[in-house]
Amino acid sequence: MNTRKRGLSSLLMVLVAVLLVATGCAPTRIGVSWPVMQPIELNGKLRVLVAYNQVVTLIQPHNGTLARLEDASGDPRTDESGNPLFWTLDGHQYENAQFFARGLDLGEALYLLPAYNNRLLTVDMLRARPDSTAGIPLPAPVIADVAVSEDTLYVPLKFGSVVALDRDTYAERWTAITRDGAWSAPLLVDGVLYVSSVDHHLYAFDAETGAAVWEEPVNLQGLAGATPLYHDGFLYVGSYSHHVYKISTAGEIVASFKANNWVWSTPVLYDGLLYVTDLSGYVFAINPEDMTQVWATKAATRGIRPGPLVTEDMVVVASRDGFVYWLSRQTGDVLDSYEIQSRPEILSDLVLIPASEPQDRSNPENIDEPLILVSTTNTAHLVVAVPLDYTNDNFGWNYSR
Amino acid sequence: MWDLIFNPFVTLLTWMYSVLNRDIVLAIIIFTVLVRIITYPLLAKQQQSAKRMQELQPRLKKIQEKYKDDREKLAQAQMDLYREAGVNPFGGCLPLLIQFPILIGLYQAIYFALSNTPYQLVDLSERLLIPGLDGLIPMQNMWLGMNLTQPPTPPVNPAYALVLPLLVMATTYVQMKLSQPPTTSTPSDGPPNQMEATMRSMTTIMPIMFGFFALSFSVGLSVYFITSNVIGIVQYSPWGKNVLDRLFGGKAKAAPVPSEDDDDAPAPAPRRVIAANAAGTASSAGATARKKKKTRR
């Protein structure tokens, strides 16, 4: 009996060892993407839509609590027992839909939510429910925002193409093939749709017909994971090749700036300068004319995936090291930092919530001062609000799921 | 800490991908072969230690029987036996412990290399140690009509991809069979000893487990499992052992295992010596043990 027990325990140990080897014995990343946040207005009230994995929620920006579900007149909806209902959309109920992209406001409290299970869901925001489980079928998953014109939706697909749909009927207008997928929203400028692709190229398509505008797409020498920025006749786009390229609308690389690692965010233009982050933890200020460096600061100990949030005096960035950093916009000096509890990885774009205008302290939803919303991959700190003013020691709030 | 192992591995695999004409499957195969060959001396040492422990099992059984009521004496007698045989009971652990992180690094490198979502890819930015490799990301992930980053199950992959889990199971089974040291007990000795029973169970369970892994993990990892198993089969086969032992000059010195009659008074010069241990290599030890058993029958 004793021998048998020992045999069993040995077997168990071996199996555990095998399991450890097979699963890598170290943290593996099996997720798709990171959370997205989107300020929206519903029934005249400011809300923040938070989409991550299978759940979409609306939270209240003044205190980070779940928003109540309300009808068109603003009255709270309740269940059969009279308990208030909260705004939550669970993708498990809709063929395991997952959400990693912002919604598109279709008007009349309808939002179009791109889902990872190859569909777009039209969501009635007053009921937190899609109009149909099937939604609008697509040939591939979507992990980026949909671009829109007056009559067309441009949907970037994770694998190999961009689909243009009629805005009213959702009928397909055209499909433009790229060699690999698009992980960022297309940019529509003057009837041309610019698409950054995983296949290392920037494409330009005629927004009406889907025909290629350039003879050859622009080779960016690395994966292009962010939407280009358009300014004054030029496109600015970062890539995994460690470069930010300045590209003419004719499809020529005019100049480039070399960062220290992958550039995975859209550059931000403010007061004549470009602000760029990279995945070595650097923040750069660049002259867009000749793409020369104005200043560079190693702000974080790990990479900075989201783009910077730029104000008149400050550049605010958030890093994979779990910190938010405030830098002087003029010099790039780090002014302050804020550690999110347990230092969760921050990969999502920051959102600035302005203070309520005018201030009304009697309104329970009044936002006293501008807030920065930071979203992390740790659901215990899914959204954290910190004051934009780093000298203010007041902690905002924490929303956990 | 893991990054010290993962990052060079990921970098090396990515570099191999670039020099092998961007063929990720070829890169995985060659990378796995290289790592397995480099770690072979550790494996051989571990095998040798396991074999010698196996050979001592009948004697240990006897000692356990003899001193079943006196733990102190039992421990002393066991230590004496180990000392006399020149066997360290934990001798197989160190090579195993060294191999573990290497195998984990290998697995993780392949896992990272096959990243195809933003969340997986963001990690690679800190792992490529050679400048210029970033331009290879993401790696080509289609092979023979299969998406290497997806499990082999339809609809994400064609039905024929299901052959891979079957191949994983089959190669795991063959490798397990070949890796088992020859049994030291005969049916007349009573029930098989603990180690043998464990090994037998593992031969059944491991192929099923790995088949299950192959079904749930990406096709690229199935390629790794199969490659790794085939290398294991070659390494454990007598031919492969001879070649590898010659390659690594593997003449491990091992003390002869004392005879079963020496329990009470361990003698400095044992009367019966297993010739293979005198020859010294792990492979010849196994072969001789098999021969010896045949003679008994």
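Guide: Helices (H or I, at least four residues) and strands (E, at least two) are DSSP runs, numbered from the N terminus. This is a predicted model, in which local features need pLDDT of at least 70, side-chain atom pairs count only at pLDDT 80 or more, and totals for chains, interfaces and linings use all residues. Residues are numbered from 1 along each chain as written, chains are lettered from A and ligands numbered from 1 in written order, and side-chain values use heavy atoms, without hydrogens and water.

Visitor: What is the relative accessible area of B:Leu12?

Guide: B:Leu12 belongs to helix H1 (residues 3-19) of chain B. Buried means under 20% relative accessible area and exposed over 50%, with partly exposed in between (1.4 Å probe, protein chains only). B:Leu12 is partly exposed, because its value is 38%.

Visitor: How wide an arc do the buried residues of H7(B) cover around the axis?

Guide: Among the buried residues of H7(B) are B:Leu164, B:Val168, B:Thr172 and B:Met176.

Visitor: Which strands of chain A stand at the edges, each with a single partner strand?

Guide: Chain A has an open, antiparallel sheet of four strands in the order S14-S15-S16-S17; two strands pair if DSSP finds at least two bridges between them. One side of each edge strand has no neighbour in the sheet, so the edges belong to S14 (187-189) and S17 (218-219).
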